[in-house]
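Hello,

I am passing a structure on to you, with the sequence alongside. My notes on what was found in it follow below.

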Amino acid sequence: MTKKILYLLAFTVWAGGSPLHAQRISSWQVKTSGNETFSIPVSVDLDAITTEAGSNLQLLETTSGKKTAVPFQVAPGNGRRLYWMLEPGRQKLRSFELVKTTESQSAAGSLQTDLENGAVTIRYGNKNFLRYHSETVYPPKGIDTAYKRSGFIHPLWTPNGEELTRINAPDHYHHWGMWNPWTHVLFEKDTVDFWNLRDRKGTVRFAGFGALVNGPVYSGYEALHQHIVFKKDGTEKNALNELQTVRIYRPDDRNNNYYIMDVTVQLSCAGASPVKLLEYRYGGLGIRATAEWNKDNSVIFTSEGKDRKAADGSTARWCVAQGQLHQQYGGLEMMSHPANYNYPEPLRVWPENMNNRGDVFLNLSPTKNKDWLLEPGKEYLLRYRFLVFNNRLPKEQAEEAWQAFAHPPKITFK
């Protein structure tokens with residue numbers, strides 16, 4: 001059962017047509033290559049521009065003298081930000097203006113985040129993209145219940161609806177789709193393992209939603225995870241808080257073969273004790289890929305030119321896994337932000353003989369080759385972006401997607 005929903009937010013602010021009665025508030029230009037393949041999420045500091053409510057605003061793009069309304073979304077917090085999608089275009093200098101309007105605003109139906117039956121599903125139209133499990137899911141009947149787990153993503157679907165993740169694999173019951181535990185952790189003089197659940201040293205639990213968000217630019221959720229230590233005296237203690245924020249951005253109307261997802265992990269010590277994430281060969285955000293993939297029908301390649309044989313232990317800015325999915329092809333690109341700890345992050349990639357099939361697992365693991373001390377009173381951020389796609393992704397386009405994530409287009413105010 002879902003423990004707590006702190007608040008539910010829905011932002012559906014955009015305008016359908018050009019305004020008849022509008023007052024310009026600000027204008028800016030965005031520099032691009034004019035040759036983009038994918039849409040790019042971009043944002044500006046709205047509070048630095050205006051204190052007007054988002055419902056009184058309209059965002060317009062001017063192209064060849066023609067103004068077109070652009071869907072936008074205002075994210076609250078310590079400083080409102082205005083988000084929109086920069087869809088591919090041939091112009092190298094894109095012009096936008098923000099206006100105040102008294103015209104009624106039209107709600108844009110697009111992505112939808114729904115919480116039901118202990119899970120959040122993000123969908124676009126009639127297509128599911130992601131399911132996040134807030135309630136505890138148990139392993140199959142007859143399997144040790146120590147493997148139970150909440151706070152994970154499964155399935156992650158391609159735009160065509162093919163599952164990319166897997167849970168309850170008989171070889172690793174502690175693999176839960178896309179999930180974020182740490183393996184070798186020093187806490188209050190004990191070594192704790194939040195990953196290998198059967199050892200009963202620790203686990204990770206969903207503890208509440210910070211937000212569920214629906215909007216014309218992105219939808220998603222913020223979920224609090226507690227990294228629980230099972231103490232030797234039979235008690236348990238929360239060592240680490242993790243605020244996991246997931247956003248899926250509105251797909252490109254002109255190309256429905258991909259979508260973009262951001263996963264942000266904010267870590268902080270739960271109490272006065274530090275948490276030391278010790279060097280280990282895997283840990284952090286991992287992906288157990290679909291059972292459809294094996295060494296013969298899937299490939300892995302990285303930003304540094306490594307293939308599956310050479311990827312494990314290498315460092316990378318991004319990593320692509322793609323392969324046959326029933327009658328289709330598809331995959332995902334996992335991208336690491338330059339501000340992440342120990343960037344470029346080391347990779348854990350299973351070898352081609354895994355389970356005598358070549359099952360696929362990948363993990364950008366910042367503690368694979370060095371410790372990470374988390375001190376009380378401080379916050380630590382890891383940012384990842386995923387490009388989820390149908391068909392095959394060439395390495396040049398994988399690099400383009402990462403460049404847009406790491407170095408978003410420059411915005412200049414007029």
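Trp179, Trp195, Tyr280, Tyr282, Trp350 and Phe361 are linked into a cluster by ring pairs. Please keep in mind that this is a predicted model.

Across the whole structure, a search finds 25 aromatic pairs. One of them is edge-to-face, because the rings of Trp195 and Phe361 have planes at 85°, with centres 6.0 Å apart. Trp195 sits in the loop between β17 (190-192) and β18, while Phe361 belongs to strand β29 (residues 361-364), so this pair ties together parts that are 166 residues apart in sequence. Trp195 and Phe361 are both buried.

On to the nonpolar cores. The largest has 58 residues, and those with the most contacts inside it are Leu130, Leu156, Tyr221 and Phe386. Strand β21 gives the largest share of this core, 6 residues. Another core, of 23 residues, lies apart from it and includes Ala211, Tyr249, Leu387 and Trp402. Leaving out residues up to four places away in sequence, Tyr221 touches Val120, Ile122, Leu130 and Ala211, among others.

The largest pocket has a volume of about 1,100 Å³. It is lined by 41 residues, of which Arg81, Tyr83, Thr245, Arg247 and Thr264 are the closest to its centre. The lining of this pocket has 25 nonpolar, 10 polar and 6 charged residues. Among the elements that each supply at least two lining residues are β7 (81-86), β20 (236-249), β21 (258-269) and α2 (395-406).

Regards

Key. Residues numbered from 1 in each chain as written. Predicted model: local features only at pLDDT ≥ 70, side-chain atom pairs only at ≥ 80, totals over all residues. Heavy atoms only, no water. 1 Å grid on protein atoms, 1.4 Å probe; cavity = no way out; pocket = protein on both sides within 12 Å on 5 of 7 lines; lining within 4 Å. Points joined across faces, edges and corners; volume = space filled by probe spheres on them. Helix = DSSP H or I, 4+ residues; strand = E, 2+ residues; numbered from the N terminus. Nonpolar A, V, L, I, M, F, W, Y, C, P; charged D, E, K, R; others polar. Core = buried A, V, L, I, M, F, W, Y, C linked by side-chain atoms within 4.5 Å. Buried < 20%, exposed > 50% of the residue type's maximum accessible area, 1.4 Å probe, protein only. Contact = heavy atoms within 4.5 Å. Phe/Tyr/Trp six-rings, centres within 6.5 Å; stacked < 30°, edge-to-face > 60°.
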